[in-house]
Amino acid sequence: MPDLLLEFLSEEIPARMQARAAEDLRKLVTDRLVAEGLTYDGASAFATPRRLALTVHGLPAKQSDIKEEKKGPRVGAPDNAIAGFLKAAGLKSISEAKVQPDKRGDFYIAVIDRPGRDAIDVIKDVLHATIATFPWPKSMRWGARSAKPGALSWVRPLHSIVATFGPETEEPAVVPLDIDGIKGGDETRGHRFMAPMPFKVRRFNDYVEKLEKANVVLDPARRANIILTDAKNLAFAQGYELVEDDGLLAEVAGLVEWPVTLMGTFDQAFLSIPGEVIRATIRNNQKCFVLRDPQTAKLVNKFILVANEEATDGGKAIVAGNERVIRARLSDAKFFYETDLKTRLEDRLPKFEQIVFHEKLGTQAERIARIAALAVQIAPSVKAKAVQAERAAALCKADLLTEVVGEFPDLQGLMGRYYAEAQGEDEAVAHAIEDHYKPKGPDDLVPGDPVAIAVALADKVDTLVGFWAINEKPTGSKDPYALRRAALGIIRIVTENELRLPLRALLWRHFGAVARDEALASAITMLHPLNEQIAKISASDIELAVKLEVLVSEKAKQVAKPLLVQAHTYLQQTHDLITFFADRLKVQLREKGARHDLVDAVFSLSGQDDLLMIVRRVEALGKFLDSDDGKNLLAGYKRATNIIRIEEKKDKREYTGAPDAKRYQLPEEKALAEAIDVAKKDASAAVGKEDFAAAMRAMAKLRPRVDAFFDKVTVNVDDMALRENRLKLLNEIREATRAVADFSKIEG
Amino acid sequence: MAEARLRASDNAHQGNLDPSRSFQGLILALQQYWANLGCVLLQPYDMEVGAGTFHPATTLRALGPKPWNAAYVQPSRRPKDGRYGENPNRLQHYYQFQVILKPSPPDIQDLYLNSLKAIGIDPKIHDIRFVEDDWESPTLGAWGLGWECWCDGMEVSQFTYFQQVAGFECAPVAGELTYGLERLAMYVQGVDNVFDLNFNGRTDEKKVTYGQVFLQAEQEYSRHNFEFSDTAMLFEQFKMAEAACQKYLAAGWANGKKERHLMALPAYDQCIKASHVFNLLDARGVISVTERQSYILRVRELAKACGEAWLATEGGGAG
């Protein structure tokens with residue numbers, strides 16, 4: 001079976017695009033080949049800084065032949081119909097057609113043989129189509145050809161193409177490509193400096209071998225492996241340890257065809273700079289690795305660089321050059337760091353008054369003030385000292401104005417901590433400054449220190465409420481302000497630290513703060529106890545203001561009408577935002593293996609805004625439903641609600657409200673009614689104590705009475721009053737279960 | 001300064017034009033190299049610009065179908081980058097060596113690498129790397145793809161294939177090479193402070209350093225750029241340059257039809273002027289973040305209109 005070898009030799013492909021491009025090439029070419037009926041045994045793609053290569057092996061030499069039957073007109077049809085048929089079927093005369101009878105008479109049938117095309121011709125077409133539309137993230141035109149419209153575009157100028165096809169036993173053929181003047185061939189070149197002469201290749205095996213001889217390691221994984229092994233060995237030989245860095249390793253492997261690992265040194269004096277700054281300097285700017293002392297875990301004054309060639313002087317000039325650049329970079333970093341230390345963090349704050357955070361959300365200074373006020377507000381509920389929370393919040397963004405963070409934005413927070421420590425801030429304050437950005441992603445730790453928790457929550461709540469208030473919510477895959485991450489961060493901080501933090505009051509009030517309206521914020525605080533009633537009033541209600549006024553008249557006569565209306569709007573937005581939290585929580589619990597329907601069952605109970613309680617309830621509910629009691633109670637619940645639903649539909653009325661105890665006729669009715677009363681009471685007492693397992697157990701006691709009721713009691717009796725009473729009793733089951741969850745949301 | 005007077009015999013002084021020992025030797029070697037390849041060797045544009053790209057020999061000549069190969073040194077001013085001569089790597093005035101090749105030749109990378117050899121950087125000893133760096137100039141309405149060229153971890157040049165300039169597609173595409181001359185010279189001379197560069201290559205008492213030539217200027221201009229430049233005047237100058245540019249552009253269309261333009265170059269001078277004045281204002285910190293964007297847009301509008309006008313001139317390929 002023949003194999004296909006492809007190589008696109010170009011000028012340097014950005015490291016970050018290589019892996020994706022190799023995968024795209026493999027997928028696009030093989031998908032198209034399969035669509036053309038050319039199936040294959042295997043395919044792999046590779047990338048180096050200058051080439052994209054693909055091998056597809058075990059392809060057929062030809063497509064299969066296809067026999068196709070085309071039905072024509074009836075025998076004896078008019079001449080023009082016959083002529084049309086001959087033309088369409090490609091026949092010379094009607095005698096070439098078969099005649100086949102069917103129910104309606106005799107018809108002409110043309111049997112057309114479609115011989116399979118040679119694979120090489122199909123491959124040619126497939127490659128033309130693939131190259132013309134190759135999905136580079138950014139591509140360009142070049143050279144004289146770029147003057148013409150429709151010129152080839154590629155990630156960087158494309159120089160040559162290897163395209164050979166043939167079985168292992170024979171000299172392969174060259175696929176006759178012509179891509180905007182670049183012809184398919186069987187010649188490539190090696191390393192730009194070490195082996196620039198062209199050479200011929202036949203198929204994948206000799207291609208890889210010859211490339212290695214010409215100082216090119218084709219497989220990026222192998223290059224990364226060589227770098228990692230050599231770097232570790234170099235470090236080990238001198239008693240150091242490599243600080244491993246997968247992102248950097250992948251990038252460096254994409255910058256070299258022939259990795260040569262070398263070690264350089266920098267002045268000890270630079271070790272006075274924080275290790276993270278040294279690493280960022282050496283990593284981000286120079287793409288070199290840093291080393292540490294395995295005993296102390298502290299950085300040492302060495303670095304590992306990866307050159308792209310074996311230099312004729314053994315790498316002396318390369319090491320010396322890199323050392324000089326790193327020296328200059330570290331002097332800059334040291335200068336930045338020392339300059340930063342000269343200004344106290346609080347002295348930087350006035351500058352935030354000039355910096356716009358977001359056009360509609362005011363300046364950074366305003367944002368910081370909001371975060372500080374919020375952190376103070378949150379502090380007692382997370383057992384943080386309010387003074388510390390306020391101080392940490394006030395300073396938490398100050399490092400954004402430092403030179404080091406200007407240079408290395410990734411170090412935000414961390415540098416704030418260093419500078420706070422240096423100026424003698426309390427340890428809790430310093431740590432809160434660093435940790436308030438956390439968790440930065442799903443794998444990041446959440447802050448655990450009370451002050452850090454208060455500031456981290458305040459920062460995230462302000463972000464969420466702010467962008468919610470100006471209607472910049474995430475849509476689909478677009479989430480430019482990382483609001484999903486902020487919500488998930490809050491969820492993780494609250495649940496992993498087991499915090500009690502009812503969200504509604506917090507969010508609702510903060511809408512007022514974001515609106516820069518203190519009167520509104522305090523009005524909301526006053527209105528909060530009425531939130532359930534206020535939420536029930538529809539926004540389209542033209543009498544809204546009046547109704548609100550009536551509602552709150554007892555509570556707060558001094559709240560002006562427009563404020564009430566605004567507060568009402570914000571309450572609706574708050575509920576919208578809580579739904580957003582619910583969605584994030586669902587995603588998070590689902591990832592942990594919890595059932596999403598259970599999350600729904602808990603969230604649809606009214607007034608659920610305490611994340612920790614929701615999670616606990618979901619856990620208890622999950623365990624309960626795994627038990628036989630839980631399963632049977634759910635079955636009983638479903639049976640009861642099914643009956644009610646059917647009857648309600650039939651009668652076009654609802655069966656709600658308390659049943660009449662005097663109408664119970666059978667002992668099972670009475671027993672169920674009593675059991676429901678007990679279960680309701682016990683369950684709500686348990687919920688009051690936040691013992692959800694006990695609440696579930698209380699519910700479980702209903703189970704034998706429900707079963708007995710269905711065994712002995714007929715609901716649909718002729719006595720309409722009795723029937724109504726029994727339906728209402730069934731409804732009581734539905735009502736009772738709502739003490740723990742909305743069972744109607746539970747699936748199965 | 002009597003002994004500093006040049007004598008003919010000095011011309012024979014060993015090594016004073018060696019690019020690895022003399023700043024001017026480096027410039028001469030690059031000029032020699034690119035001139036040998038047929039580039040038009042231009043002199044610096046006689047206006048203040050932020051980069052060699054602003055020279056009309058690049059910005060305008062990159063537009064239109066006509067082939068164009070040129071090389072030149074361009075003094076570049078970045079008022080914000082001044083450090084009063086106290087930073088060993090940062091200057092508010094420095095030299096760029098600029099090469100523009102249109103259409104970009106197929107062997108342009110090799111031509112570039114050979115130019116490094118010409119100044120003593122042998123790629124068999126030094127690690128030369130092409131590291132992704134996409135170029136965009138918001139003020140010129142221009143972008144291109146290319147690399148930073150690294151020598152042993154040091155960025156020594158920018159390499160760009162212009163895709164669009166002044167909002168117009170480049171057809172054909174030009175290749176632009178920009179060498180940061182001071183950086184390159186520091187590298188080949190092995191000095192860590194720009195002011196220590198040997199300017200004239202002499203090692204005797206006639207040695208002149210970069211510091212002797214430019215340190216005072218760095219100090220004075222930093223003072224000017226950050227503290228004393230007359231911002232009221234500059235705001236006025238920006239408006240005047242903008243208005244003049246628009247005026248010349250409007251007046252330049254022959255017979256009032258938008259077919260042929262007769263004053264693209266003078267109009268473009270005013271665009272350059274506006275851009276530099278904006279940089280001065282920016283260095284003084286008198287332009288807020290939001291205003292900044294609108295100033296950049298205003299310069300871009302001028303650049304685009306100049307590009308349009310240029311395409312209607314003979315140099316721009318109009319019939």
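Reader: In which loop of chain B does B:Asn255 lie?
Author: The model is a predicted one, where local features need pLDDT of at least 70, side-chain atom pairs count only at pLDDT 80 or more, and totals for chains, interfaces and linings use all residues. Residues are numbered from 1 along each chain as its sequence is written, chains are lettered from A and ligands numbered from 1 in the order in which they are written, and side-chain values use heavy atoms, with hydrogens and water left out. Helices (H or I, at least four residues) and strands (E, at least two) are DSSP runs, numbered from the N terminus. On that numbering, B:Asn255 lies in the loop between helix H6 (231-252) and helix H7 (264-283).

Reader: Is B:Asn255 buried or exposed?
Author: The backbone of B:Asn255 has a positive phi, near 55 degrees, in a residue other than glycine. Buried means under 20% relative accessible area, exposed over 50%, and partly exposed in between (1.4 Å probe, protein chains only). With a relative accessible area of 70%, B:Asn255 is exposed.

Reader: What is the relative accessibility of A:Asn471?
Author: A:Asn471 is not a glycine, yet its phi is positive, about 60 degrees. The residue is placed in the loop between H15 and helix H16 (483-496) of chain A. A:Asn471 counts as exposed, its relative accessibility being 56%.

Reader: Where in chain A is A:Pro439 placed?
Author: A:Lys438 and A:Pro439 are joined by a cis peptide bond, with omega about -5 degrees. The place of A:Pro439 is the loop between H14 and helix H15 (450-469).

Reader: Which residues does A:Val429 contact, leaving aside neighbours within four places in sequence?
Author: A:Val429 is part of helix H14 (residues 427-435) of chain A and counts as buried, at 2% relative accessibility. Its C-alpha atom is 8.8 Å from that of A:Leu395, 34 residues apart along the chain. Contact means heavy atoms within 4.5 Å. With the sequence neighbours left aside, the contacts of A:Val429 are A:Gln388, A:Arg391 and A:Ala392.

Reader: How far is the nearest cysteine sulfur from that of B:Cys149?
Author: A disulfide is a pair of cysteine sulfur atoms within 2.5 Å. B:Cys149 is accordingly in no disulfide, and the nearest cysteine sulfur, that of B:Cys151, is at a distance of 10 Å.

Reader: Which cysteine has the sulfur closest to that of B:Cys306?
Author: B:Cys306 is buried, with a relative accessible area of 1%. The closest cysteine sulfur is 3.8 Å away, too far for a bond, and belongs to B:Cys245.

Reader: What is the radius of gyration of chain A?
Author: Chain A has 28 helices and 18 strands, and its C-alpha atoms fill a box of roughly 100 × 100 × 50 Å along the principal axes. The radius of gyration is taken over C-alpha atoms, and the globule rule is 2.2 Å times the number of residues to the power 0.38. A compact globule of 748 residues would come near 27 Å, whereas chain A has 37 Å.

Reader: What is the radius of gyration of chain B?
Author: The secondary structure of chain B consists of 8 helices and 9 strands. For its 319 residues the globule rule gives 20 Å; chain B is close to that, so it is as compact as a globular protein of that length, with a radius of gyration of 21 Å.

Reader: What share of the residues in chain B is buried?
Author: The C-alpha atoms of chain B fill a box of roughly 60 × 50 × 40 Å along the principal axes. Among its contacts between residues at least 6 apart in sequence, 67% join residues at least 24 apart. Of the 319 residues in chain B, the buried share is 55%.

Reader: How far apart are the centres of the positive and negative side chains of chain A?
Author: Lys and Arg count as positive and Asp and Glu as negative, while His and the chain ends are not counted. The place of a charge is NZ of Lys, CZ of Arg, CG of Asp or CD of Glu. For the 109 positive and 112 negative side chains of chain A, the separation of the two centres is 3 Å.
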